[in-house]
Amino acid sequence: MNKVLIVDDSATMRKIITRVLRQAEIPCASVVEAGNGVEGMARLASDPDIDLILSDINMPEMNGVDFVKAVRATRAKESLPMIMVTTEGGEAMMNNALALGANGYVTKPFTPESIRAALEAYLG
Amino acid sequence: MAEPTSQALPGDAELLAALERAVDEVFSSMVFAFEALAEHRSPVATLEKIGVRASFDREAVVEFRGAISGQVVFRCTADGAHDIARGLLMLDDSTALAVEEVNDALKECANMVTGHVKTNVLDPLGKFDLSIPFMKDVGAQVPGPACGALVYRLQQGLVSVELWRRDVPLHS
């Protein structure tokens, strides 16, 4: 079982992702949420059991690219899988996120199948 | 400053066609019923002339900035906004939603559609930035020429998805 952190400034999108994780039959013990990268870092600091992060890119305060950088700069979290879930599927943006340490990405709108494909390698 | 591009900039018709493809993909994959109206693809001025805009009570906006700048506006009737929120959240008609939930869903929908246009039409032209989606006062004037509007009937309400071109600082 896994604990997934969803980082997105839209409460609607956090609910949609949570629902799609269930539809995709991803074996999640629990889902925890954060509204931007700053909140995501705080959640990671207070919850050592998080197994995977799904993060938006275009967010206020700390965007997804800076969030990837911040997570990877934290030694204890440098190997934590991070999947970007974004409306912006542009090659340059994605290559930047991947170069900084993201493990993959899913473009919105997504399906249970595309979420499952992106997460399969990382969840037990 | 926008980066220079060697590619020809898209005209209004091309941008509107990209917007229509984006709406089709987002609406169909995020599970809500929609139907293009007879006014579909009419210019915004025509919509205002026939009085459609008058019944709209909320607007969600995402701005884009790069070699060309502008905004995508989702203008909804109250029922249309609830249709979108219930569709995205897969809720039935009997589920009550707070205003914040409806507005958040509308903003997210506008964000997905604008992101689709950016990825498929704007990004090949160079660097583009999108604003965080925001709600705007109903009826507030949008400066600059409109490329056009796509009007859809949803389950109970209407939504006009509009593309405007302009050059102003990004909202943040």
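The following legends describe close-up views of a predicted model.

Local features require pLDDT of at least 70 and side-chain atom pairs count only at pLDDT 80 or more, whereas totals for chains, interfaces and linings use all residues; side-chain values use heavy atoms, with hydrogens and water left out. Residues are numbered from 1 along each chain as its sequence is written, and chains are lettered from A and ligands numbered from 1 in the order in which they are written.

**View 1. The open sheet of chain A has five strands.** The strands follow the order S2-S1-S3-S4-S5 with parallel pairing; helices (H or I, at least four residues) and strands (E, at least two) are DSSP runs numbered from the N terminus, and two strands pair if DSSP finds at least two bridges between them. Strand S2 (28–34) and strand S5 (104–107) of chain A are the edge strands, each pairing on one side only. From one strand to the next, the twist averages 20°. Six bridges link strand S1 (residues 2–7) of chain A to S2(A) in the parallel sense, and Val7(A) is placed opposite Ala34(A) in S2(A).

**View 2. Helices H2 and H5 of chain A lie against the sheet**. Helix H2 (residues 37–46) of chain A lies across S1, S2 and strand S3 (52–55) of chain A, at about 155° to S1(A). Helix H5 (residues 112–119) of chain A touches S3, strand S4 (82–86) and S5 of chain A, and its direction makes about 175° with that of S5(A). Contact means heavy atoms within 4.5 Å; axes are lines fitted to C-alpha atoms, for helices over the stretch in contact, and angles run from 0 to 180 degrees between N-to-C directions.

View 3. The contact takes 19 residues from chain A and 21 residues from chain B. About 1700 Å² is buried between the two chains, with carbon and sulfur atoms giving 56%; buried area is the accessible area (1.4 Å probe) that two parts lose on being put together, summed over both. Thr87(A) is located in the loop between S4 and helix H4 (91–100) of chain A. Neighbours within four places in sequence aside, the contacts of Thr87(A) include Thr107(A), Glu108(B), Met112(B) and His116(B). Thr87(A) counts as buried because its relative accessibility is 1%, buried meaning under 20% relative accessible area, exposed over 50% and partly exposed in between (1.4 Å probe, protein chains only).

**View 4. Phe27(B) and Phe74(B) form an edge-to-face aromatic pair**. Phe27(B) lies in helix H1 (residues 12–29) of chain B and Phe74(B) in strand S3 (residues 70–76) of chain B, so the pair ties together parts 47 residues apart in sequence. Both Phe27(B) and Phe74(B) are buried, and together with Tyr152(B) they form one aromatic cluster.

**View 5. The cysteines Cys76(B) and Cys147(B) are buried**. The whole structure holds zero disulfides, a disulfide being a pair of cysteine sulfur atoms within 2.5 Å. The closest cysteine sulfur to that of Cys76(B) is in Cys109(B), 8.1 Å away and too far for a bond. For Cys147(B), the closest cysteine sulfur, also in Cys109(B), is 19 Å away, again too far.

How values were computed: Rings of Phe, Tyr and Trp (its six-membered ring) pair if their centres lie within 6.5 Å; planes under 30 degrees apart count as stacked, over 60 as edge-to-face and the rest as tilted.
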